[in-house]
Amino acid sequence: MFNLFKRKKEDHKGSQYTSIKIREIVKETPDTVTIYFEQPEPYLDYKAGQYLTVILDINGNEERRSYSLCTSPYVDPHPGITVKRVKDGLVSNYLNDQLRPGKTIEIMKPMGHFTTDYHSQNRRHFVLVAGGSGITPMMGITKSVLVNEPLSKITLIYCSRSESEIIFKKALEDLETKYEGRLKVIHNLSQPSEAWTGLKGRLDSQKIKDTLSSIYDPDLKETVYFLCGPEGVMETAERTFLEMGVDSELIHKESFYSDLEAKEKEMKAAGKLAPELTREVEVVLNGESYHFEVPAGKTILEAGLDNDVDMPYSCQSGLCTACRGRLLSGKVDMIEDAGLSKSEIEEGYILCCSSKPASADIRITIE
Ligand SMILES: Cc1cc2nc3c(=O)[nH]c(=O)nc-3n(C[C@H](O)[C@H](O)[C@H](O)COP(=O)(O)OP(=O)(O)OC[C@H]3O[C@@H](n4cnc5c(N)ncnc54)[C@H](O)[C@@H]3O)c2cc1C
Ligand code: FES
């Protein structure tokens, strides 16, 4: 069972939560807005590329969703997120249609590893591949690289459906002009108008390779890759870079969506899941120990919240790592682990929102 949880909105205590006031809402495209916040006290500490979690009361239920910051802490005085409508999506449509400046909302502070550290002497080539709302973290990273690494360059391949759906079109043009020769933006449209002269159709390996070979610069000592967008775009880009011999450690990925039910079905059909049984687990949260039962079919996070254990979470789909814990004993079936790195998995980290008990004696610590 992976339906997003329905629970009453509560005020959450703890250093990871804060309140933040909406300063301004800017319509970027017919189905996308950027929401800028007033700086809270103390200032919101974040790295470009991280996401924050909005916690809203909609129809009496608490709804949490993750949104990447589109701003750079080095450039933008006010932090912001950019939200694109998802068809029939509850929160993305609420944020597009109903949120107004002046309102204060609760958030979980920024988290995430889709980031990099900067050094003024670095000579790096940033290859960014984005699709749709996946441009959001790329904007923060792009602005941060341009101001912090004067010797580095950026190539951004950005996939949208049509001209009117390109998010930040003008802002990207302005950055290309301001930082001439250091930022190159290549748009690829899947359903362009007849007048469109740029790349069109699906993004494929050849287009990526042609783009990069035309931009090759021997002065750049290191290339790093950042991918964010729909599964198809990310898979194509990753496969292409691996075919080109890129070390997988240099490819950073951020996914916004995962269909956990479909993935669980696939794993079940392949005989990869333990039989579902009600199991007792122990969760050590901020040093306090909680024992509770996880009924057959439920995730560890769902059962914890049902037992009023204030476990942290955001995306509820195994992508953001807000619910990350370390397995000290026992075994779990983790349906989605995309948020974790290979080394985190080797070190025993699990995502409680996508994990179900697969043995007795489960003990997890969450810090
Ligand atoms: C780390 C992280 C960062 C994110 N950053 C951004 C961001 O910067 N901007 C942004 O707009 N979104 C971002 N998202 C996605 C966002 O958190 C929500 O999932 C999205 O807004 C949909 O929420 P909703 O309540 O409108 O849809 P829901 O009510 O949750 O879902 C409605 C239906 O749509 C399906 N669905 C939900 N999301 C998608 C999707 N992306 N593609 C296809 N089907 C979907 C669901 O399965 C469901 O059937 C991010 C997600 C993660 C994990
Ligand atoms: S809540 Fe996002 S990975 Fe679990």
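In the predicted model, a polar side-chain atom of Ser92 lies 2.5 Å from an oxygen atom of ligand 1, a polar contact being a pair of N or O atoms within 3.5 Å. Oxygen atoms of the ligand are also placed 2.9 Å from a polar backbone atom of Lys84 and 2.9 Å from an N or O atom in the side chain of Tyr257. Taken alone, ligand 1 exposes 930 Å², of which the protein buries 76% (Shrake-Rupley method, 1.4 Å probe).

This is a predicted model, in which local features need pLDDT of at least 70 and side-chain atom pairs count only at pLDDT 80 or more, while totals for chains, interfaces and linings use all residues. Side-chain values use heavy atoms, without hydrogens and water; residues are numbered from 1 along each chain as its sequence is written, and ligands are numbered from 1 in the order in which they are written.

The shell around ligand 1 comprises 23 residues, each with a heavy atom within 4 Å of the ligand. Ser92 is among the closest, together with Arg65, Ser66, Tyr67 and Val91. Strand β4 (61-68) contributes the largest share, four residues, and β5 (80-84) and α1 (90-97) each supply at least two; helices (H or I, at least four residues) and strands (E, at least two) are DSSP runs.

By automatic or database assignment, the protein is divided into domain 1 (17-111), domain 2 (124-254) and domain 3 (271-366). Domains 1 and 2 each provide at least three residues of the ligand shell. The centres of domain 1 and domain 3, taken over C-alpha atoms, are separated by 27 Å.

Terms used
A polar contact is a pair of N or O atoms within 3.5 Å; within protein, one must be able to donate a hydrogen and the other to accept it, and residues adjacent in sequence count only if both atoms are side-chain atoms.
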